[in-house]
Amino acid sequence: MADCVFCKISAGEIPSKKVYEDDKVLAFYDLDPQAPVHVLIIPKEHIASADELTEENSGVVSHIFLVAARLAKELGLKNGYRIVNNCGEDGGQTVKHLHFHLLGGRSMKWPPG
């Protein structure tokens, strides 16, 4: 989508501090980190939210979780981490592009707030 900030980051039109990239996904550091390690993992294909997952595009979610596990190891998150997806306005989604937050490096509390 032409006006999607994550599509622009994926296309290299907006700079980011990349952590990982392959043909399906991009992972980069969040500009407003909520933990010592806060990485966003996005599909390169524009999918607006989890509500838009289909049989045809849902495989990217399992790939994202594999990438998250790999990054957690590489980034030294030995005591655990959190993976978060916000869906829709009430769910706290501010960018209308499917994305997952990989958070770690501190103890996570529940509920988050």
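Select helix 2 (residues 59–74) and the strands its buried residues pack against: strand 1 (18–21), strand 2 (25–29), strand 3 (37–43), strand 4 (81–84) and strand 5 (100–104). Helices (H or I, at least four residues) and strands (E, at least two) are DSSP runs, numbered from the N terminus. The model is predicted: local features need pLDDT of at least 70, side-chain atom pairs count only at pLDDT 80 or more, and totals for chains, interfaces and linings use all residues. Residues are numbered from 1 along each chain as its sequence is written, and side-chain values use heavy atoms, with hydrogens and water left out.

**Helix 2**

Show the side chains of Val60, Val61, His63, Ile64, Val67, Ala68, Leu71 and Ala72, which are buried in helix 2. Buried means under 20% relative accessible area, exposed over 50%, and partly exposed in between (1.4 Å probe, protein chains only). From first C-alpha to last, the 16 residues of helix 2 reach 23 Å, close to the 22 Å expected at 1.5 Å a residue. That expected span is 1.5 Å times one less than the number of residues.

Now pick Arg70, also in helix 2. Is Arg70 buried or partly exposed? Arg70 is partly exposed, because its relative accessible area is 44%. Draw a distance from its C-alpha to that of Leu53, 17 residues apart along the chain: the separation is 23 Å. After helix 2 comes Gly76, with a positive phi near 75 degrees.

**Strand 3**

Move to strand 3, where 7 of 7 residues are buried. Val37, Val39, Ile41 and Pro43 point one way, and His38, Leu40 and Ile42 point the other way. In a regular strand the side chains alternate between the two faces of the sheet.

Two strands pair if DSSP finds at least two bridges between them.

**Strand 5**

Strand 5 pairs with strand 3 in the antiparallel sense over 5 bridges. Which residue of strand 5 is the bridge partner of Val39? The partner is Leu102. Ile41 stands opposite Phe100 in strand 5.

Strand 4 and strand 5 also pair in the antiparallel sense, over 4 bridges. Here Tyr81 stands opposite Gly104.

Because 5 of the 5 residues of strand 5 are buried, the strand is largely enclosed by the rest of the structure. Phe100, Leu102 and Gly104 point one way, and His101 and Leu103 the other.

**Helix 1**

Go to Ser10, in helix 1 (residues 5–10). Ser10 counts as buried because its relative accessibility is 16%. Leaving aside neighbours within four places in sequence, Ser10 is in contact (heavy atoms within 4.5 Å) with Leu26, Ile42 and Lys44.

**The largest pocket**

Finish with Asp30, Gln34, His38, Leu40 and His101, which lie nearest the centre of the largest pocket among its 29 lining residues. Helix 1, strand 2, strand 3, strand 4 and strand 5 each give two or more residues to this lining. The largest share, 3 residues, comes from helix 1. On a 1 Å grid over the protein atoms alone, a pocket is an open set of points where a 1.4 Å probe fits, with protein on both sides within 12 Å along at least five of seven lines; lining residues have an atom within 4 Å of a point. About 660 Å³ of space lies in the largest pocket, a volume being the space filled by probe spheres set on the points.
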